[in-house]
Amino acid sequence: MGKAVAAWLMVASALAATASSPRDVVQTAVTRVVAVLQEDLATAHLDRPRGDIRRSEIPRIATDLFDFDEMARRTLTRHWNGRTPEEQAEFVRLFTDLLERSYVARIEQWSGERILYTGESVDGQYATVRSKIVTRRRAEIAMDYRLLMRDGRWRAYDVLLDGVSFVATFRGEFDRIIKQSSYAGLVDKLRKRAVQAPPEQRAAAAR
């Protein structure tokens, strides 16, 4: 499994409402993801096509995970404040759709890699949970979760894969598009990505 796949396995469910500490949040939610994948494999022989369960359940877990408003604001940075409330709401919706569809596509490649948790640090309303993924070839991929306490819940707003920030990656991509064309050009690209998604993924994202 590649780094991108491993990253989405870890990032797409770093929150469970019943967990208390940031580390509990990550571990509990990853267990939910693994359970969904195992159930999907177990029912693959039934009439329902393989992937139905994960395409319906994984987006729900992703919705629990992400503080989409915070992630959208951090990826758009200086371009965020200049947007109207309606534009901000549309951007959050398109960005959410992009993350959920990308996750569902990549998570299908999961093949049972081990996940180890190596530490946790809390600084006020911010926290970092450190972990690593051990592949079948014994390679290790470092994962750092950045979480924010909001309304009494820890929610993930960024993940670092071998030191590379997801938010920073999106921020660079979006900023380049805006500079090369405009904010409207960025939104147009995100709309087209949503339209081009397979029908089953669009249906899952709409749930």
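The structure is a predicted model, in which local features need pLDDT of at least 70 and side-chain atom pairs count only at pLDDT 80 or more, while totals for chains, interfaces and linings use all residues. Residues are numbered from 1 along each chain as its sequence is written, and side-chain values use heavy atoms, with hydrogens and water left out.

View 1. Helices (H or I, at least four residues) and strands (E, at least two) are DSSP runs, numbered from the N terminus. Followed along the sequence, the elements of the protein chain give the pattern α-α-α-α-α-β-β-β-β-β-α-α-α. The protein chain has 207 residues, of which 48% count as buried. Of the contacts in the protein chain with a separation of 6 or more, 56% are between residues 24 or more positions apart, a contact being heavy atoms within 4.5 Å.

**View 2. The open sheet of 5 strands.** The strands follow the order β1-β2-β3-β4-β5, and their pairing is antiparallel; two strands pair if DSSP finds at least two bridges between them. Because β1 (114-123) and β5 (164-165) stand at the edges, each with a single partner strand, one side of each is left without a neighbour in the sheet. Strand β3 (residues 140-150) pairs with strand β4 (residues 153-161) in the antiparallel sense over 8 bridges, and Arg150 stands opposite Arg153 in β4.

**View 3. Helix α4 packed on the sheet.** Helix α4 (residues 68-76) touches β2 (126-134), β3 and β4, and its direction makes about 40° with that of β4; axes are lines fitted to C-alpha atoms, for helices over the stretch in contact, and angles run from 0 to 180 degrees between N-to-C directions. The buried residues in α4 include Phe68, Met71 and Leu76. After α4 comes Thr77, whose phi is positive, near 45°. The C-alpha atom of Leu76 is separated by 10.0 Å from that of Ala168, although these two residues are 92 residues apart along the chain; Ala168 is found in helix α6.

**View 4. A cluster of aromatic rings.** A pair of aromatic rings is described by the distance of the centres and the angle of the planes. Rings of Phe, Tyr and Trp (its six-membered ring) pair if their centres lie within 6.5 Å, and planes under 30 degrees apart count as stacked, over 60 as edge-to-face and the rest as tilted. By this rule the count comes to 8 aromatic pairs. The rings of Phe91 and Phe95 have centres 6.0 Å apart and planes at 5°, so this pair is stacked. Both residues are buried, and they lie in helix α5 (residues 85-107), 4 residues apart, about one turn of the helix. Phe170 and Phe174 form a tilted pair, 5.7 Å centre to centre with 40° between the planes; these two lie in helix α6 (residues 166-180), also 4 residues apart, and both are buried. Ring pairs link Phe91, Phe95, Phe170, Phe174 and Tyr183 into a cluster.

**View 5. Arg83 over the ring of Tyr183.** The charged end of Arg83 sits over this ring, 4.0 Å from its centre, where the rule asks that NZ of Lys or CZ of Arg be within 6 Å of the ring centre and within 35 degrees of the ring normal.

Key:
Buried < 20%, exposed > 50% of the residue type's maximum accessible area, 1.4 Å probe, protein only.
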